[in-house]
There are 4 protein chains.
Amino acid sequence: MPGIGLIGYGYWGPNLARAIAEVDAAALSAIADMSPAALERAGRRHPSARLLTDWRDLIADPAIDAVVISTPVSTHFDMALAALRAGKHVLVEKPITDNVFKASLLVEEAARRSLVLMVDHTFIYTGAVRKIKDLITDGSIGDVYCYDATRVNLGLLQKDVSVIWDLAVHDFAILDFLIEARPVAISASAAAFLPNSPETMAHLSIYFDDGAMAHLNVNWMSPVKIRQTLISGRQRMIIYDDMQNSEKIKVYDRGVDLAEGQDDDRERRVSYRMGEMWAPQISTKEALITEIEQFVHSIESAERPPSDGESGLRVVEMLAAATRSAALRGQPMELVDLRRAS
Amino acid sequence: MPGIGLIGYGYWGPNLARAIAEVDAAALSAIADMSPAALERAGRRHPSARLLTDWRDLIADPAIDAVVISTPVSTHFDMALAALRAGKHVLVEKPITDNVFKASLLVEEAARRSLVLMVDHTFIYTGAVRKIKDLITDGSIGDVYCYDATRVNLGLLQKDVSVIWDLAVHDFAILDFLIEARPVAISASAAAFLPNSPETMAHLSIYFDDGAMAHLNVNWMSPVKIRQTLISGRQRMIIYDDMQNSEKIKVYDRGVDLAEGQDDDRERRVSYRMGEMWAPQISTKEALITEIEQFVHSIESAERPPSDGESGLRVVEMLAAATRSAALRGQPMELVDLRRAS
Amino acid sequence: MPGIGLIGYGYWGPNLARAIAEVDAAALSAIADMSPAALERAGRRHPSARLLTDWRDLIADPAIDAVVISTPVSTHFDMALAALRAGKHVLVEKPITDNVFKASLLVEEAARRSLVLMVDHTFIYTGAVRKIKDLITDGSIGDVYCYDATRVNLGLLQKDVSVIWDLAVHDFAILDFLIEARPVAISASAAAFLPNSPETMAHLSIYFDDGAMAHLNVNWMSPVKIRQTLISGRQRMIIYDDMQNSEKIKVYDRGVDLAEGQDDDRERRVSYRMGEMWAPQISTKEALITEIEQFVHSIESAERPPSDGESGLRVVEMLAAATRSAALRGQPMELVDLRRAS
Amino acid sequence: MPGIGLIGYGYWGPNLARAIAEVDAAALSAIADMSPAALERAGRRHPSARLLTDWRDLIADPAIDAVVISTPVSTHFDMALAALRAGKHVLVEKPITDNVFKASLLVEEAARRSLVLMVDHTFIYTGAVRKIKDLITDGSIGDVYCYDATRVNLGLLQKDVSVIWDLAVHDFAILDFLIEARPVAISASAAAFLPNSPETMAHLSIYFDDGAMAHLNVNWMSPVKIRQTLISGRQRMIIYDDMQNSEKIKVYDRGVDLAEGQDDDRERRVSYRMGEMWAPQISTKEALITEIEQFVHSIESAERPPSDGESGLRVVEMLAAATRSAALRGQPMELVDLRRAS
């Protein structure tokens, strides 16, 4: 049973700590945070974990096999690199780093040492996204040609990170998990609607090599919270609404059929399918538990997790391209070929 | 009472004919359509109107003071120009023409002859859009910094016209009516998800000279119909949902307030207002009736209608820029300064 | 092709006239209304129909095979009886009469003369209710044990008729069509919230001989319009929401399963099924067309329509029992055995 | 600062314990539960509280000023009576007892000893119900004439308690808090749709002495969860939807106005108001915290809490009457005059 050390017990860290503690196959051995108050909270909840103020001590601990990093993104690279060099497996909060170069260095380091490098792309471990993946894989919805996501709410504004790096990261991770096609270019528009603020709203268009398109609408200044995604396949369409308590996923047997024939008969050849709708049952298992189980499984089996370091790198590449495009009012940015080697 | 002649009795023409007939201050004098079947339908509904197969005869009729044109967009220019040259006032279906140059010629011709040139931008005559205009004008929502519209459904695919010219035209017309700031650039992404088809989906970002942004999401291939727009002002935010039977407009007293102070205190200075919501009562008067009344009023008073020819020209300019940008994967297109001279 | 005469061209009559005219297998031969203005409107829409001010003339017309009655309920009995005695088939607006005795006389008269007596229980001819019937008949939802309907809106208040006779009549007709079990008693509560008004709100509980229960909530003074019904079967549950444009019917694979065993183990034996949801496709054919086709078919084939006179009688019996119970604050009223002889 | 002892650390007790611990003005002195496992959980969360297996020891503790009882309803009476006789103030979970006689004995005992007797009618301490009370008290909605609640979901079936005592109790408590008029009679229908089960569904109609009516729809076997209440006043109507994250309360400026005049002009005199809708801001303070603060305040000031013992007694009287009526298929049960003496 791998001993896991957690660095960072701030906003998200307590959730990771709880998940590690709940997974039978893992032990929460140590928690590091430079804040004494955070450490005290951690100690009350996890009395058997070693408490450390310096993350370097945690990485130096030989009883620790794996490190989970839940600190501000600017610190990810140093901590993850040190942990890998100390021979520890690493799970790091999203995004993996704040630039492409650092991410690729981490990927290389993990590969060289045959260590697991995994990113906390939480959404791909939810029952909903897993079910969508199944519906794509088993052919139920046909080839995917469109993914259109709206992820807006009021707050929580970040000081150092734009809405792209804060919210769009979720959809880039989901896209990377769901869509086999390769993204080739990104055009983005964004605006900062508060003074001295990073961008608070962005619209991102992603072009894929098979003609598919994705679009992400992220906004910190919407009066209502919306988490809604349309995923269109040639056979069926999915609406994934994460704000619903039940029926998060609705599969519509709808679309446009185009019969073969002469172009001037076109109107007669277009037919609309307005068929039934179906809301499959979805696993309600908590995503973080599934994710920690995957981390442990990958450590023990050397099987790549779906949100491995390369996935984290691809997501950062898209975040960076979107940020550059937004600075140029939508000027399209080509993506280099970082895709799955499989 | 002006005698009005209608050219085109196809999909939309019957609605215009009914509206003209219902407005007491106007008379439906003649209807022209080259289809005998259409003319027969027209005659049954409007027995007192003269029926003509050639639109040139309608324009030549001295009893006719004004011409309403409801034909395919490619024919708008010739008909409108001929009507203006014959001294008739003109109301033409949206978009006014299929390119900027033709639109500007019509505007010039109308100005030279002091005739009314008006475009059927129907939405700006609805109770909902009028109410939003009032809320902007009276300062209720503060300076508008964001307009974000979703206008998607399944079908009705057009053969010759892309989803931009078919659906986004509505939002460009609403934007032109609501927003005083000048649009300076457009970035658009689009895709055609059917073979030999114009674009079926598009995302358009519009930049304004005061930093405001608009975004339009238009799609013919959505399993559900959505007509939803967020309009964000510094004081309040509006959600306009045209699919609701009642409460089409909801005004939210919500937003982000930023107190003055040092930058490193920023988090303490950001506060979220999560105040009440309010759905004002909206006039249920039919938009087409209001529009025809405006047309008659402009003819009689020489007062410019809100959807005058220049508005039509600005809308076409934006449609053309969006189309060019979409062909270049979001490359931003600057808009020339065609704005209100006032 | 039977010649059909329509008596009454007021609120609902024009809809019936249009439906009769649209059905190829029927001819709208005559329309009677004592109002000259109504007759003039009728004549413009249906120029080939004979126009009469006295309904007795219509019934006396030998060219007329069948009579459709769309007049205030208090007049139904006299007109329907006269029509039957003149050998005409009869379709009468709901409710068939304003009391049980009159309804039973009509049923007897029609039986004696082998004429079709049918009631305009429109809802049972909708695609939605037909689909629910199919789902019950084919065993998809299992034995029905609960029907719970909410039918509320603001207005249209009636002067002479309570909300029970105006709105609950629809649900009684649907219940009579869907549920095979026999209703044995009714308890109702009602109140009139306007002075000198019939009841404006009512709650009705109907007990069936197999233990099933139905409940109807009808209200003319609700700020929002709701048309929602829960139909619970042992296997699945249906929610029928008539205000939805699409997905009017949702079938939930949900319920409570009780394993066999000792009573004190009960908690361990109860399990909740929270399975998938499914919205079947529903015919969008207009109910009135289906209804008129059924009327013609029954005339020609002597096959009983589902909303025959006996159904109308059972509905009136339930309306009368509910009204009596409401006057006694819920005192339960037993229903006599008027059910299907089959 | 009163020392509070909690009896019962099962389903609801932990919430009460947490609330007591969070309120600064109170101290959680002791927790009693006969289950060692429950006590161990309690000890981990509340290390400073005394842990007892026998509730009698808790009541005997002189350091304890007040007792909170969170045990099965059948035990409430003995524990509450013993606590009062030991001079302790008492807060007991709802319903106060399982019959009227026991409730009245507790009320008398508390009055004789001038001790606070309060019932955990949690909903009346929510921001939403408080806001509704304000809107009634300040005249915003006018005289209330109708309260119509739907409280349905799938599970949690109880073994010993019917859906009336489990779910309708919430609405009776809210009614008792909101409505000044006196309930005079109840008619109820109910059914048990599982073998050897208490009633799983019920419809309750409550008649008030001023002509107002309330209706409660409670059901453990609904495929979807609904918590929706219509509260109609002469001026405005409220829809209270507890499943909404925001806008739980919507106030509609809608209704029916009846001008004075002759009865035969009635139709012309009825007018419908379809005015604006308004969703006021609601306090998000947790109800249990407000409730415990009220308990402490009542102990220290001797000011009656809104959910005092007499309120608990009135609620039990209504529960008992509803249960009797349901056994007699809606036979109305008169309520004795237990109302506020004020």
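Which residues does Ser222(B) touch, not counting residues up to four places away in sequence? They are Leu230(A), Met237(A), Val152(B), Asn153(B) and Leu154(B), where contact means heavy atoms within 4.5 Å. This is a predicted model, in which local features need pLDDT of at least 70, side-chain atom pairs count only at pLDDT 80 or more, and totals for chains, interfaces and linings use all residues. Residues are numbered from 1 along each chain as its sequence is written, chains are lettered from A and ligands numbered from 1 in the order in which they are written, and side-chain values use heavy atoms, with hydrogens and water left out.

**Around Ser222(B)**

- You will find Ser222(B) in strand S11 (residues 221-233) of chain B; strands are DSSP runs (E, at least two residues), numbered from the N terminus.
- Ser222(B) is buried, at a relative accessible area of 3% (buried means under 20%, with a 1.4 Å probe and protein chains only).
- A polar atom of the Ser222(B) side chain lies 2.6 Å from the backbone oxygen of Val224(B).

**Where chain D meets chain C**

- In this interface, 59 residues of chain D are in contact with 59 residues of chain C.
- About 4,700 Å² is buried between the two chains, with carbon and sulfur atoms giving 62%; this is the accessible area (1.4 Å probe) that both parts lose on being put together, summed over both.
- On the side of chain D that touches chain C, strand S11 (residues 221-233) gives the most, with eight residues.
- That side of chain D divides into 31 nonpolar, 18 polar and ten charged residues.

Conventions: Helix = DSSP H or I, 4+ residues; strand = E, 2+ residues; numbered from the N terminus. Buried < 20%, exposed > 50% of the residue type's maximum accessible area, 1.4 Å probe, protein only. Polar contact = N/O pair within 3.5 Å; in protein donor to acceptor, adjacent residues only side chain to side chain. Nonpolar A, V, L, I, M, F, W, Y, C, P; charged D, E, K, R; others polar.
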